[in-house]
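Dear colleague,

Please find below the structure that I am handing over to you, together with its sequence. My findings follow directly after it.

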Amino acid sequence: MFENIYHDHRVLVTGHTGFKGSWLSSWLLDLGATVAGFSTNIPTKPSHFEVLRLTDRIEHFEGDVRNKGSLQKAIDKFCPEIVFHFAAQSLVRKSYEDPALTFETNSIGTLNLLECLRNQPSIKAAVLITSDKCYENVEWLWGYRENDRLGGKDPYSASKASAELIIKSYRDSIFKNKIKCGISSARAGNVIGGGDWSQKRLIPDCIRFIRNKTAIKIRNPNFNRPWQFVLEPLKGYLLLAKYQYENPNKFSGAWNFGPEIKSVKTVKEIVKLIIDYWGSGSIKIEATKKFHEHHYLQLDIKKAKKYLNWYPSYNLENSVNVTVDWYYRTLEKKENPI
């Protein structure tokens, strides 16, 4: 699929200690890449990064994307050819608790990375991951396209929309004449998969409730989201970087990676699938302090299908089943997930 584009090439992953970053780092190693990671800490305990023993398999740079100096030192030392940018504050609820941190990490962190890359001669392609929540959500029932208006009422969404504008500005001006460097933003849906231990995230929260033999608390049972298995968008990012590496002018831009429309389901439907696969569990609708969240969110993925030949491989049921199976085998059967 990737035609050996990553074999023996240097790839930097920011946020490599997180859920998606650790999955991608492991995949890149399997593809023969020389991988380095840049991250401020290991964000969760347990940690998928630690389970995969990535500390011993890649070069690790410790630093915060808000600190341009430390990021520049890592890039100057490693001289990456390809960069995947995951480092972010990724939780909506936390963005209300600490909006300044959210904007500094997601917006200024993205700016810092682009500043570091602009004069780096080794760089050939950069894929900067933002979010499906970067769109100005007007609660319509069809998918948002890459050229639809950006925006966000909550700090998290606004920080990702801001990051998108920064990326576009650099792509259309600073990098416009840097012919050999592709710059893209990637907007994925709600990603699920084994190894996610974040707090206040649906799948790991469900697993914690079930194992504690307490009812699964959900606050917005009828909200829908574009749920997708973690390898789906990662496959898209890898394809996008490959095509950018080969033809930066044609493939630089904004790209959606989401599920097929039939996989857009409500929170309650997802929780029921988890309970059915695990074999136990119950649901309790939680009365909680309200903060703004949108009822509907879908992505139009025609562009990625047409130009990258990228298609989702998992339907919703398969995505949930393979995710829950990872937790069941790891936690209940004590199997090694590697």
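**Findings**

Ser131 sits in the loop that runs between strand E5 (125-129) and helix H6 (155-174); helices (H or I, at least four residues) and strands (E, at least two) are DSSP runs numbered from the N terminus. The model is a predicted one, in which local features need pLDDT of at least 70 and side-chain atom pairs count only at pLDDT 80 or more, whereas totals for chains, interfaces and linings use all residues. Residues are numbered from 1 along each chain as its sequence is written, and side-chain values use heavy atoms, with hydrogens and water left out.

With a relative accessible area of 4%, Ser131 is buried (under 20% relative accessible area; exposed is over 50% and partly exposed in between, with a 1.4 Å probe and protein chains only). Its side chain makes a polar contact with the side chain of Asp132, at 3.2 Å. Such a contact is a pair of N or O atoms within 3.5 Å; within protein, one must be able to donate a hydrogen and the other to accept it, and residues adjacent in sequence count only if both atoms are side-chain atoms. A polar atom of the Ser131 side chain also lies 3.0 Å from the backbone nitrogen of Lys133. Leaving aside residues up to four places away in sequence, Ser131 touches Tyr156, Lys160, Ala186, Arg187 and Ala188, contact meaning heavy atoms within 4.5 Å.

Two residues in strands may also be of interest. Asn224, in strand E9 (residues 224-229), is buried at 9% relative accessibility, and a polar atom of its side chain lies 3.2 Å from the backbone nitrogen of Leu297. Phe38 belongs to strand E2 (residues 34-39) and is buried, with a relative accessible area of 1%. Between Phe38 and Gly15 the C-alpha to C-alpha distance is 6.0 Å, although they are 23 residues apart in sequence. Among the residues that Phe38 touches are Leu12, Phe61, Val65 and Leu71.

Finally, helix H7 (residues 202-211) packs against helix H12 (residues 316-332) at an angle of about 45 degrees, with the axes 11 Å apart. H7 and H12 are therefore oblique to each other (angles under 35 degrees count as roughly parallel, over 145 as roughly antiparallel, 65 to 115 as roughly perpendicular and the rest as oblique). In this contact, Ile203, Pro204, Ile207 and Arg211 of H7 meet Thr323, Tyr327, Leu331 and Glu332 of H12.

Yours sincerely

Conventions. Axes are lines fitted to C-alpha atoms, for helices over the stretch in contact, and angles run from 0 to 180 degrees between N-to-C directions.
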